Amino acid sequence: MLRVGINGYGTIGKRVADAVRKQPDMAVQGVGKRSPDYVAVGADEEDYPVYAVDEDRADEFREIGIDLAGTVDDLVAESDIVVDATPSGIGAENRPLYERHETPALFQGGEDATVAEVSFNARVNYDEAEDADYARVVSCNTTGLSRFLAPLHEHYGVDKTRVTLVRRGGDPDQTGRGPINDTVPDPVSIPSHHGPDVQTIFPELDIDTIGLKVPTTMMHVHSVNVTLENRPDDIDEVIDLFKSEDRILTVPDYAGIDGAGTLKDLAQDAGRPRGDIWENCLWEESLTLQGQDLYCMQAIHQEADVVPENVDAIRALEGDHSGPESRALTNETLGIDLGYLTDRTDLTANRGTPDESLADD
Ligand SMILES: NC(=O)C1=CN([C@@H]2O[C@H](COP(=O)(O)OP(=O)(O)OC[C@H]3O[C@@H](n4cnc5c(N)ncnc54)[C@H](OP(=O)(O)O)[C@@H]3O)[C@@H](O)[C@H]2O)C=CC1
Ligand SMILES: O=C(OP(=O)(O)O)[C@H](O)COP(=O)(O)O
């Protein structure tokens, strides 16, 4: 049983802890936390041993009933692998701590790619992380774009990719972020940092990305255009291809799911923990083929899509499972497949020829 330390029990860390606990081959050794707040109490209520960043704050934790299991240094020493889910940039500062204990570690997408030997996506380059000591699980947007591009790259070849990312201003618990009432080019310069980050997964990919931020906390939405090297026979072939992907939910026309709000409502109705959506959500109706150009829109739940990726990355570093084996085990243990939504649709329904779908507009 792999002992997994989670250093940084926040938006990502607490979700990764819950996902690790569901795995048959790993257990949470403990979680690292800086502040004795409601989230720390939550960890204690979940029976996760709490380790403090700063041992001088032990009394503050004790005052809210949390007897610390030790310091983060102790957590690293006692773990077989650490998932660093600290704020952007702190992971790189922590790497010497992991090196000192010779404890393999995962970092998150807010770190610069140089923090680890490999930037990781379970669908694309699992093998590259096998037996590595350090890996960076790329951020939510890069995870979502990597999963989307992988089957297109494999089946048709990708000549050029252009993405506009309409990103959430911050997470629900990040009360200090915005914008509150604006649509902000962010960054105003082009390309945004997302293209180069996707190239840490697909080094040869020609991709341009544009980023904006808007007043929502729920999900990011991508508007994607991919020029394919080889033209699919029709758009249903492409839909079938995405349906065969384990972490892409193709949202059918009939479902009445018209945005992030209804997606989150679906996840909550389905009983997903925290209403989390681990998959890319790709609107089938947006999938459009014009010649060799494919267009579509997909939603990415930033708080959740990297969670199964972290679980798979743990297995990749351990080296005992293949990528498909790990992904299947992770998907099964996280559970609550939303695929029932798409299984009800009849793909033979008349969708018109691909070019007609644009000509009618
Ligand atoms: N939030 C998101 O949408 C996504 C975030 N990521 C990436 O994941 C990483 C974590 O982000 P997120 O979960 O949002 O961050 P949060 O701010 O939600 O959580 C950070 C956690 O780290 C703790 N912490 C702070 N400083 C230290 C330290 N020096 N040592 C140990 N723990 C520390 C915090 O404790 P305390 O709260 O007590 O200060 C908190 O528990 C970042 O790299 C981010 O870019 C990736 C995909 C999506
Ligand atoms: O990991 C994240 O960073 P953030 O919480 O600092 O925005 C985002 O979900 C990724 O967003 P970005 O990479 O588009 O800035």
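Glu46 counts as partly exposed, with a relative accessibility of 35%; here buried means under 20% relative accessible area, exposed over 50%, and partly exposed in between (1.4 Å probe, protein chains only). Its partner is Arg21, with which Glu46 forms a salt bridge whose closest N and O atoms are 2.6 Å apart. The term stands for a side-chain nitrogen of Lys or Arg within 4 Å of a carboxyl oxygen of Asp or Glu. Arg21 sits in helix H1 (residues 11–21) and Glu46 in the loop between helix H2 (38–45) and E3, so the pair ties together parts that are 25 residues apart in sequence. Arg21 is partly exposed too, with a relative accessible area of 39%.

Before going on, please keep in mind that this is a predicted model, in which local features need pLDDT of at least 70 and side-chain atom pairs count only at pLDDT 80 or more, while totals for chains, interfaces and linings use all residues. Residues are numbered from 1 along each chain as its sequence is written, chains are lettered from A and ligands numbered from 1 in the order in which they are written, and side-chain values use heavy atoms, leaving out hydrogens and water. Helices (H or I, at least four residues) and strands (E, at least two) are DSSP runs, numbered from the N terminus.

Glu284 belongs to the loop between strand E14 (280–283) and strand E15 (288–290), and Lys243 to helix H9 (residues 235–243), 41 residues apart. Glu284 is buried at 5% relative accessibility, whereas Lys243 is partly exposed at 27%.

What does Arg247 form with Asp312? Arg247 and Asp312 form a salt bridge, with the closest N and O atoms 2.7 Å apart. This pair links distant parts of the chain, 65 residues apart: Arg247 is in the loop between H9 and strand E13 (248–251), and Asp312 is in helix H11 (residues 306–318). Arg247 is buried, with a relative accessible area of 4%, and Asp312 is buried at 0%. Through salt bridges that share partners, Arg247 and Asp312 join Asp25, Arg147, Glu309 and Arg315 in one network. The count for the model comes to 27 salt bridges.

Finally, look at the surface, where Asp54, Glu55, Asp56 and Asp74 gather in a patch of negative charge. Patch members have over 30% relative accessible area and no salt bridge, and like charges are joined within 9 Å. Asp54 is partly exposed at 32% and lies in the loop between strand E3 (50–52) and helix H3 (58–63).

Methods: Patch = residues over 30% accessible without salt bridge, like charges linked within 9 Å, V, L, I, M, F, W, Y side chains within 5 Å. Areas by Shrake-Rupley, 256 points an atom, 1.4 Å probe, with all protein chains shown as cover. Lys, Arg positive; Asp, Glu negative; His and termini not counted. Charge placed at Lys NZ, Arg CZ, Asp CG, Glu CD.
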